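Below is a short briefing on one protein model, arranged by topic.

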Amino acid sequence: MISANNVTLRVGKKALFEDVNIKFTEGNCYGLIGANGAGKSTFLKILSGELEPTNGSVAVTPGQRLSFLKQDHFQYDEFTVLDTVIMGNQRLFDISKEKDAIYAKEDFTDEDGIRASELEAEFAEMDGWNAESDAATLLNGLGIPTEEHASTMQNLQGSLKVKVLLAQALFGNPDILLLDEPTNHLDLDAIAWLEEFLINFENTVIVVSHDRYFLNKVCTHTADIDYGKIQLYAGNYDFWYESSQLLIRQMKEANKKKEEKIKELQEFISRFSANASKSKQATSRKRALEKIQLDEIKPSSRKYPYIDFRPNREIGNEVLMVEDISKTIDGEKALDHVSFVMGHDDKIAFVGSNELAKSTLFKILAGEMEPDEGNYKWGVTTSQSYFPKDNTEIFDTDLSITEWLTQFSEIKDATYVRGFLGRMLFAGEDGVKKMKVLSGGEKVRVLLSRMMIEGSNVLIFDEPTDHLDMEAITALNNGMIKFPGTILFACRDHQVVQTTANRIIEFMPDGSIVDKVTTYDEYLESDEMARKRQVYSMSESDAADN
């Protein structure tokens, strides 16, 4: 068990938390939710001991081991992937290295023998002989091939490093597991594996995530940070949302009845206070009026942007034809003779762990890259807006947000343009912010503003939910659902894919595709896809053995 006791954290004069008392018990998974800036990651750091609260304390059951998902991608560069995972249990790793150092001695003494015996006993008690196989199982489950396990961390791509650090946090069955955005940069298959791992995990989990489907799947409780407090609810994210909305509605209805009663009493007092025969009744009603207290309904720190993609032109029947497109990037086959036809009712989700294939296809369709072979053709009635995964070049400019966005508007009026920014929570002087200084979430909201103002009838999204908070993801999801045009998109958020897409195209590891008109959940359950995944898993295993 881990608990926060009267925890207060002040940043300058502002109290981020005040007198927080909460217990997290064994066998439960707690989703820690709240608006951006509410202090979710900060609270995890307080629980882990990385950050000291201004007042109060954190208590952990004696003898229990705590593991915290770290986001420092460079801390372990000199270590192998396998060793990095095993370092999730630092004591076990240290014992292993000390043992190896003793056995490597040329002048092995009796004292060394005694020490080695002590270490061997502790090593066996910690199940050290299975450490490497356990670490390999975690890595394989997250999609890191066996041939990479002996590589050093510095040789891995950023997305694979994230998976290794996640495996490190999960390693060795920690008693308390703290996870800060564990699904970031994971593909949907890896997220599904993590969901099953946490569902079967028997100890305490506290997780921060913007993925609603993930929270609904794994969480038994929800801890909501708002108003500088943490309120605990039994149930997952959807249960919290319904409960919190019901509570607000009940408070508003109770206040409405109280206001009606106040008005009735005030009218009576005003009418009869000067009437001698009614003076006692008027006095009685004054006392009753003084006792009525309206419930305080504080404004939430959560803010929902308004996302509404309205095409300037209705789309025709002919939308997109892709014929035999192939592309090789830095010697790697990204696309291998890809062909498909898109209809005017299609909203296609591109899924699978082959992220290079998805991004390459989107760049080609957006006109930012040429295929090596094959061609594509957009329908004459179509207009496209593209949301790239890598937006570095876009924001390398000295323009302000308003100046940059005006370039894409038919109406060159600053007030009109700022209206779109206002919908995306850029208020007042935010419009004069320079593009260069924006945070990750602000950049995404600016790009979505551009897509709204362009009025295209075809939208292309490459991982649009990265860097967005829960409220913005919900608004984007709703905007995509009601958009009357066509959409091609890749997204790590299961709920966005399930509720938006009516067609699934999965990129296989070799760059080929599987194309199905279906929902995402139905697609995952299909026997055909289970067989195909098994075939690819076996072929990759055979390749590793060879």
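Lys163 counts as buried because its relative accessibility is 6%, where buried means under 20% relative accessible area, exposed over 50% and partly exposed in between (1.4 Å probe, protein chains only). Its side chain meets that of Asp187 in a salt bridge with an N to O distance of 3.0 Å; a salt bridge is a side-chain nitrogen of Lys or Arg within 4 Å of a carboxyl oxygen of Asp or Glu. The model is predicted: local features need pLDDT of at least 70, side-chain atom pairs count only at pLDDT 80 or more, and totals for chains, interfaces and linings use all residues. Residues are numbered from 1 along each chain as its sequence is written, and side-chain values use heavy atoms, with hydrogens and water left out.

**Salt bridges**

- Side chains of opposite charge can pair when their charged atoms come close.
- The count for this protein comes to 23 salt bridges.
- Helices (H or I, at least four residues) and strands (E, at least two) are DSSP runs, numbered from the N terminus.
- Asp187 is buried too, with a relative accessible area of 7%.
- Glu120 and Lys99 form a salt bridge through their side chains, at 3.6 Å from N to O. This pair joins helix H4 (residues 110-125), which holds Glu120, to helix H3 (residues 90-103), which holds Lys99, across 21 residues.
- Lys99 is buried, since its relative accessible area is 5%.
- Asp493 and Arg212 meet in a salt bridge at 3.9 Å, N to O. The two are 281 residues apart, with Asp493 in the loop between strand S16 (486-490) and helix H16 (494-500) and Arg212 in helix H8 (residues 212-218).
- Asp493 has a relative accessibility of 3% and so counts as buried; Arg212, at 5%, also counts as buried.
- A network of salt bridges links Glu355, Lys389, Glu463, Asp466 and Arg492.

**Surroundings of Asn477**

- Asn477 has its place in helix H15 (residues 470-482) and counts as buried, at 3% relative accessibility.
- Apart from neighbours within four places in sequence, Asn477 is in contact with Arg212, Gln495, Val496, Thr499 and Thr500. Contact means heavy atoms within 4.5 Å.

**Charge on the surface**

- Glu368, Asp390, Glu393 and Asp396 gather in a patch of negative charge on the surface. Patches are made of residues with over 30% relative accessible area and no salt bridge, with like charges joined within 9 Å and nonpolar side chains (Val, Leu, Ile, Met, Phe, Trp, Tyr) within 5 Å.
- Asp396 is in the loop between strand S14 (384-387) and helix H12 (401-406), and with a relative accessibility of 58% Asp396 counts as exposed.
- The protein has 60 positive and 90 negative charges, whose mean positions are 15 Å apart. Lys and Arg count as positive and Asp and Glu as negative, while His and the chain ends are not counted. The place of a charge is taken as NZ of Lys, CZ of Arg, CG of Asp or CD of Glu.

**Overall picture**

- The secondary structure comes to 18 helices and 18 strands.
- The C-alpha trace spans about 110 × 75 × 50 Å along its principal axes.
- Of the 546 residues, 46% count as buried.
- Among contacts with a separation of 6 or more, 68% are between residues 24 or more positions apart.
- The accessible surface comes to about 27,100 Å², and 48% of that belongs to carbon and sulfur atoms. Accessible areas come from the Shrake-Rupley method with a 1.4 Å probe; for residues, only the protein chains shown count as cover.

**Single residues**

- Val432 is in the loop between helix H13 (414-423) and helix H14 (440-454), and is partly exposed, with a relative accessible area of 43%.
- The C-alpha atoms of Val432 and Thr402 are separated by 6.4 Å, although the two residues are 30 apart along the chain.
- Glu181 is not a glycine, yet has a positive phi of about 55 degrees. Glu181 lies in the loop between S6 and H7 and is buried, at 13% relative accessible area.
- His337, in strand S11 (residues 332-342), also has a positive phi, near 55 degrees. His337 is partly exposed, with a relative accessible area of 40%.
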